[in-house]
Amino acid sequence: MNALLEPPPKQGTGCFGKGCLILIVIAILLVAVGVGGTYWSLRHVYLSDKPAPIPETSASSETGTATPDEISVATPSKKSAEVRERFNTMKKAARAHKQTEVELTAADINALIAANRKSSGTASVGINDTALQAQFSIPLERLDVPFRSAFGLNDRYLNASVSIVAPPGTNANTVQLSEVTHNGHGIPAGLLDWGLPGVGRSLRSYVIKYANQYGVTDGEIRDGKVILRTRGR
């Protein structure tokens, strides 16, 4: 499993492309395997035979989750390239010991998700003032987990939602998940600090890794945006 979780994101996608959001989903699945008890409960309680509806994303939506009626002005790949450039600018500023910040709307994050072939169509993010909500519906056949075929789970879906609230001054060591549900069942919000079954490391260690990679020292969720800052290394 280390080989699955270790590689850094490609093309500077940061924590929101094939990064932390997908890692959270994999962590939820591993926790379900660890506490689910039986094959039957894993297959029928924690996993579903149908995908959950995922709101259609649009690169033109500036706040919240895009609606199907919105017409995309910029393609996800173009929008994601713009967002990646912002992350690269932040990384350069951190290395030069300069202060800077990056603001991300739901549309920015959704563009990163949509532009990645492995995450496209499986997740959507909305930001409501000071809270970020992420919805996932991932066919297990797209997740490279060792027990998938052994347990006959290729036809199941991992449906989950995660909420994050980040007041001013939040950093990788203090950020918390405020609510986690997995196929309608609650998962303890302290998931970030749990040792992942079969892996050992906590999910927070990967969040810290991504933050360090881009020089992010702190941030907050405010006014419908994720605001990440670097104060220089």
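A residue counts as buried when its relative accessible area is under 20%. The views below use that cut-off, and the model they show is predicted.

**View 1. Strand β3 lies largely enclosed within the predicted model.** Seven of the nine residues of β3 are buried, so the strand is largely enclosed by the rest of the structure. β3 covers residues 131-139. Six bridges tie β3 to β2. Nine bridges tie β3 to β4, which spans residues 157-165. Both pairings of β3 are antiparallel, with β2 and with β4.

**View 2. A hairpin links β2 and β3.** Two residues lie between these strands. One feature of the hairpin is D129, which takes a positive phi near 60°. N128 has A131 in β3 as its bridge partner.

**View 3. Five strands form an open sheet.** The strand order is β2-β3-β4-β5-β6, and the pairing is antiparallel. The edges are β2 (123-128) and β6 (185-187), each of which pairs on one side only. From one strand to the next, the twist averages 20°. Helix α5, residues 106-115, packs on this sheet. It touches β2 and β3. The direction of α5 makes about 170° with that of β2.

View 4. β5 runs from residue 177 to 182. Three bridges join β5 to β6, and the two strands run antiparallel. Here V180 stands opposite I187 of β6.

**View 5. R204 is buried in helix α7.** This helix spans residues 203-213. The relative accessible area of R204 is 7%, under the 20% cut-off, so R204 counts as buried. What does R204 contact, leaving aside its neighbours within four places in sequence? The partners are A172, N173, T174, V175, Q176, L192 and D193.

View 6. Leaving aside neighbours within four places in sequence, A211 contacts A172 and V216. A172 is also a contact of R204. The C-alpha atoms of A211 and N171 are separated by 8.5 Å, while the two residues are 40 apart along the chain.

**View 7. The whole chain shows the setting of the close-ups.** The protein chain has seven helices and eight strands. Of its 233 residues, 50% count as buried. Take the contacts between residues at least 6 apart in sequence: 62% of them join residues at least 24 apart. The accessible surface comes to about 10,700 Å², and carbon and sulfur atoms account for 52% of it.

View 8. The mean pLDDT is 76, and 65% of residues reach 70 or more. Among the elements, strand β7 (residues 218-222) has the highest mean pLDDT, 95. Helix α1 (residues 2-5) has the lowest, 38. Over residues 1-14, pLDDT is below 50. Beyond near neighbours in sequence, that stretch has 38 contacts in the model. Residues 59-73 also have pLDDT below 50, and this stretch has 37 contacts beyond near neighbours in sequence. Where pLDDT is low, the predicted coordinates should not be read in detail.

Terms used: Residues numbered from 1 in each chain as written. Predicted model: local features only at pLDDT ≥ 70, side-chain atom pairs only at ≥ 80, totals over all residues. Heavy atoms only, no water. Helix = DSSP H or I, 4+ residues; strand = E, 2+ residues; numbered from the N terminus. Buried < 20%, exposed > 50% of the residue type's maximum accessible area, 1.4 Å probe, protein only. Contact = heavy atoms within 4.5 Å. Areas by Shrake-Rupley, 256 points an atom, 1.4 Å probe, with all protein chains shown as cover. Pairing = 2+ DSSP bridges. Axes fitted to C-alpha atoms, helices over the stretch in contact; angles between N-to-C directions. pLDDT = per-residue confidence, 0-100.
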